[in-house]
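Hi there,

Here is the structure I promised to pass on. Have a look at it first, and my notes follow below.

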Amino acid sequence: MAAIIGGVATTHVPAIGKAIAEKKYNDPYWKPFFKGFDYVDYWLAREKPDVAVIFYNDHGLNFFLDKLPTFAVGAAKEYRSEDEGWGIPVSRSVAGDVDLSWHLINTLVVDEFDVTMCQEMLIDHAVTIPMALMWPDQKWPVKIVPISINTVQHPLPSLARCFKLGRSIGRGIESYPQNLRVMVVGTGGLSHQLDGPRAGFINKAFDQLCLDKIVAEPQLLARYSIHDWVKESGAQGVEFLNWMAMRGALTGKVSELHRNYHIPISNTAAATVVYGNVKEVQRQAA
Ligand code: DHB
Ligand code: FE
């Protein structure tokens with residue numbers, strides 16, 4: 001059976017792609033952020049995942065405001081990216097795990113999540129930047145299942161709903177008959193606002209609360225309304241919905257293995273975390 005080995009969440013600011021292309025790892029502006037990936041590199045080398053299920057939000061490359069599904073699941077053999085206008089190199093394609101995608105789509109629909117199924121799907125910086133950060137040699141050893149959550153066009157799904165979506169995905173992964181090592185990923189956040197009178201807004205105290213509570217008390221965060229979340233975290237801070245889904249998919253005993261928080265990267269409070277996930281029965285046997 002497939003096993004959920006843990007989760008990674010990270011900011012997906014496009015400027016990171018430019019910094020990677022220009023190899024600015026040791027530049028004083030970038031070093032505190034890139035250093036946060038040393039542990040991620042170590043963890044990935046140790047855990048050797050086969051598949052990454054990635055919760056992210058599309059920013060207008062694949063879906064636009066005219067048609068915007070609340071939840072969309074990729075079921076493609078390959079995911080291409082395109083120039084989004086950020087002035088960063090277009091990423092290479094990423095291989096998809098089609099069979100796992102359909103298994104997870106079936107699980108979600110049985111669990112009453114009526115998702116959009118995408119046999120063709122472009123992936124934007126919210127997938128490609130985290131991939132480039134997690135595997136800096138750009139030889140990506142995993143297949144992916146991308147799951148897009150609407151964080152753009154209101155009304156957005158609630159934090160509680162995204163947590164439940166993650167729970168369903170977690171159960172789906174654990175009922176998949178192939179022996180795969182699956183990691184879950186949440187991208188975006190933490191606090192940021194890109195436009196309007198509060199452009200540049202960052203809330204360090206609230207970010208710390210999120211990082212402190214998401215491991216052991218995610219239900220506390222799930223109680224916030226979207227409007228309160230925007231107040232506390234900024235209009236784009238709602239990308240935390242992707243983190244909530246990632247956390248929901250960790251169905252075992254969850255522990256924080258790594259946390260890096262750095263302000264700012266571009267307009268964003270940048271955070272990178274690694275969470276371990278140990279199945280209850282494995283723990284008892286250990
Ligand atoms: C920035 C952050 C984002 O999450 C994004 O999607 C685009 C830009 C930024 O801080 O520049
Ligand atoms: Fe974003």
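**How the helices pack**

Helix α7 passes helix α10 in a right-handed crossing. Please keep in mind throughout that this is a predicted model. On the α7 side, the contact is made by Cys210, Leu211, Ile214 and Val215, and on the α10 side by Phe240, Trp243 and Arg247.

If you want to find the pair on screen, α7 covers residues 204-216 and α10 covers residues 240-249. Their axes are 10 Å apart, and the two helices pack at an angle of about 25°. Angles under 35 degrees count as roughly parallel, which makes α7 roughly parallel to α10.

Helix α10 also packs against α6. Here the axes are 6 Å apart and the angle is about 40°. Once again the crossing is right-handed, with α6 passing α10. From α6, the residues that meet α10 are Leu159, Cys162, Phe163, Leu165, Gly166, Arg167, Ile169 and Gly170. Their partners in α10 are Phe240, Leu241, Met244, Ala245, Arg247, Gly248 and Ala249. The residues of this contact of α6 with α10 divide into 10 nonpolar, three polar and two charged.

Next, α6 (residues 159-174) has a crossing with α4 (residues 98-110), where the axes come within 9 Å and cross at roughly 130°. The two helices are therefore oblique to each other. The crossing of α4 past α6 is right-handed. In α4, His103, Leu104, Thr107 and Leu108 do the meeting, and in α6 they find Leu165, Ser168, Ile169, Gly172 and Ile173. The residues of this contact of α4 with α6 divide into five nonpolar, four polar and no charged.

**Around the ligand**

Which residues surround ligand 1? They are His12, Val13, Pro14, His59, Trp86, His125, His192, Leu194, Glu239, Ser266, Asn267 and Thr268. For three of these residues I also have distances to oxygen in the ligand:

- His12: an N or O atom in the side chain is 3.2 Å from an oxygen atom of ligand 1.
- Asn267: a backbone N or O atom lies 3.1 Å from an oxygen atom of ligand 1.
- Thr268: an N or O atom in the side chain is 2.7 Å from an oxygen atom of ligand 1.

**Backbone details in the loops**

Most residues other than glycine have a negative phi, and most peptide bonds are trans. With that in mind, here are some places to check.

The peptide bond from His154 to Pro155 is cis, and its omega is near 5°. Pro155 sits in the loop between β7 (143-149) and α6. Another cis peptide bond joins Gly189 to Leu190, with omega about -10°. Leu190 belongs to the loop between β8 (181-187) and α7.

Finally, Glu112 is not a glycine, yet it has a positive phi of about 70°. You will find Glu112 in the loop between α4 and β6 (116-118).

Happy to talk any of this through with you.

Best wishes

Key. Residues numbered from 1 in each chain as written. Chains lettered and ligands numbered in written order. Predicted model: local features only at pLDDT ≥ 70, side-chain atom pairs only at ≥ 80, totals over all residues. Heavy atoms only, no water. Axes fitted to C-alpha atoms, helices over the stretch in contact; angles between N-to-C directions. Helix = DSSP H or I, 4+ residues; strand = E, 2+ residues; numbered from the N terminus. Parallel < 35°, antiparallel > 145°, perpendicular 65-115°, else oblique. Left-handed = near helix turned anticlockwise from the far one by under 90°. Contact = heavy atoms within 4.5 Å. Nonpolar A, V, L, I, M, F, W, Y, C, P; charged D, E, K, R; others polar. Near = heavy atom within 4 Å. Polar contact = N/O pair within 3.5 Å; in protein donor to acceptor, adjacent residues only side chain to side chain.
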